[in-house]
Amino acid sequence: MFSLAILLALLLIEKIEWKTESDQMSGNEYLGRNYTNQLRGFFAVVVVYYHLALGIHPDGIFDIFSNLGNYSVGVFFFLSGYGLLVQYQKKGRDYLKGFLWHRVIVSLVIPYLIFNVIYYVAYVCLGRQTTPLDMLASWINGHPLVSNSWYIIAIFYFYLVFFVSALLSGKRLWLTTGLCFVGSLAWMVICHEMGYGDWWFYSCFTLNAGMLWVLVHERVEDWFQKQFWLKEAGALVTCIVLYYAATILPQYIGMQTLIYLGCMQLSAIMFCVFVIALGMRIRFNGRCLALLGECSLELYLIHGLFMTIFRSDKLYLESDILYSLAVLLAAVLAAFLLHKLIAAIKNKLK
């Protein structure tokens, strides 16, 4: 397992550019396509490691990944919220034209449908009892056929909330952000009432934090200008303290669900602050991470299938190291090929 942790580290340190206080990057640079793509690639791999850590017996450094799932998805939510509002800020009402078709149907629904078909065919070949009706029902019953794909269902919901919020609020970005926050509260209630697992909404407010970052990024950047590394350490320590407070505080002050969820949400937000602010002083330019970032959605969705295949009745890899390497390599290769296929389909539909 230690070797896998080293592999992930090598992906990160392939090429790093350090900045000083005098040349600290602004939002247009550290939250541009290049850096956010690197982040998506990195945290897509962390998500794979997280799910692997839950299914095997992790040891040493690899064990830390068993606690990073919520935070990794939080970064994806944050980047989605940031991207939505910054594009709306730049393009105004024109951004909403074709939004449902291009951003929701073409970019989310159709790729997700493709993955559902892939999983359905694979499960039938593995001898699992499932039907096309089961596949469609899994989109709303809290048990997605595509492993760990609750995030895509959540993003689908949040994109619709953003679209409606933007229509209602017009150019008032603060109101758009506020309405999306209400939508996140509603998401928590919906998930609870539908009996979905708590992980469906552990970090959903990081999406709202990403939208808020668009509105206050200049003040945040100014604040981080002095004593940058001390403030970064403070953000990380706060994240860790809130993580443990989520478990400890409810034992002493009651309101277990409210305190737990509140601390977990705040912890995820502080982790995002730590990661995003880090980009002001560090630029990643790794080709591996860039490629992984391009196919991060596909990697997120496909790796669960290989986790099932490589520990199925037809093919069981007993060694944890061999199993983990097989999942990682097969998932990356499949994600790259599927990204090419889906990109071609998207081009046909645009």
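This is a predicted model: local features need pLDDT of at least 70, side-chain atom pairs count only at pLDDT 80 or more; totals for chains, interfaces and linings use all residues.

Q: How many helices and strands does the chain have?
A: The chain has 15 helices and 2 strands.

Q: And how much of the chain is buried?
A: Of its 350 residues, 52% count as buried. The accessible surface of the chain is about 16,800 Å², and carbon and sulfur atoms hold 66% of that surface.

Q: What share of the contacts with a separation of 6 or more comes from residues 24 or more positions apart?
A: That share is 79% in this chain.

Q: On to packing. At what angle do α4 and α9 cross?
A: Roughly 40°, with the axes coming within 6 Å. Here α4 is residues 69-91 and α9 is residues 205-225.

Q: Which residues of α4 and α9 meet?
A: From α4 they include Gly74, Phe77, Phe78, Gly81, Leu85 and Gln89. On the α9 side, Leu207, Gly210, Trp213 and Val214 are among them. By class, this contact has 11 nonpolar and 6 polar residues, and no charged ones.

Q: What about α7 and α8, how do they pack?
A: Helix α7 (residues 150-169) packs on helix α8 (residues 173-194) at about 145°, and their axes are 9 Å apart. This crossing, too, is listed as right-handed, with α7 passing α8.

Q: Which residues of α7 and α8 make the contact?
A: In α7, among them are Ala154, Tyr157, Phe158, Val161, Phe162 and Ser165. In α8, they include Leu175, Leu179, Cys180, Gly183, Trp187 and Ile190. The classes come to 13 nonpolar, 5 polar and no charged residues.

Q: How do the axes of α5 and α7 cross?
A: At roughly 170°, with the axes coming within 11 Å. The two helices are therefore roughly antiparallel to each other.

Q: Which residues of α5 and α7 make that contact?
A: The α5 side is Phe99, Leu100, Arg103, Val104, Leu108, Val109 and Tyr112. The α7 side is Ile152, Ile153, Ile155, Phe156, Tyr159, Leu160, Phe162 and Phe163. They divide into 14 nonpolar residues, no polar ones and 1 charged.

Q: Staying with α5, is Asn116 buried or exposed?
A: Asn116, which sits in helix α5 (residues 99-125), is buried, with a relative accessible area of 0%.

Q: What is Asn116 in contact with?
A: Leaving out neighbours within four places in sequence, Asn116 is in contact with Met135, Ser138, Trp139, Leu145 and Val146.

Q: Now Phe43. Where is it?
A: Phe43 is in helix α3, which covers residues 33-55. With 6% relative accessibility, Phe43 counts as buried, because the cut-off for buried is under 20%.

Q: What does Phe43 touch?
A: Beyond residues up to four places away in sequence, Phe43 touches Ser72, Val75, Phe76, Phe271 and Val275. The C-alpha atoms of Phe43 and Val73 are 7.8 Å apart, for a sequence separation of 30 residues.

Q: Last topic, backbone. What is phi of Asn148?
A: Near 60°, which is a positive value in a residue other than glycine. Most residues other than glycine have a negative phi. Asn148 is in the loop between α6 (132-137) and α7, and is partly exposed at 25% relative accessible area.

Q: And what is phi of Gln227?
A: Phi of Gln227 is near 55°, a positive value as well.

Q: Where is Gln227, and is it buried or exposed?
A: Gln227 is in the loop between α9 and α10 (228-248). It counts as exposed, at 55% relative accessibility.

Note on methods. Residues are numbered from 1 along each chain as its sequence is written. Side-chain values use heavy atoms; hydrogens and water are left out. Helices (H or I, at least four residues) and strands (E, at least two) are DSSP runs, numbered from the N terminus. Buried means under 20% relative accessible area, exposed over 50%, partly exposed in between (1.4 Å probe, protein chains only). Contact means heavy atoms within 4.5 Å. Axes are lines fitted to C-alpha atoms, for helices over the stretch in contact, and angles run from 0 to 180 degrees between N-to-C directions. Ala, Val, Leu, Ile, Met, Phe, Trp, Tyr, Cys and Pro count as nonpolar, Asp, Glu, Lys and Arg as charged, and the others, Gly among them, as polar. Accessible areas come from the Shrake-Rupley method with a 1.4 Å probe; for residues, only the protein chains shown count as cover. A crossing is left-handed if the near helix is turned anticlockwise from the far one by less than a right angle, and right-handed if clockwise. Angles under 35 degrees count as roughly parallel, over 145 as roughly antiparallel, 65 to 115 as roughly perpendicular and the rest as oblique.
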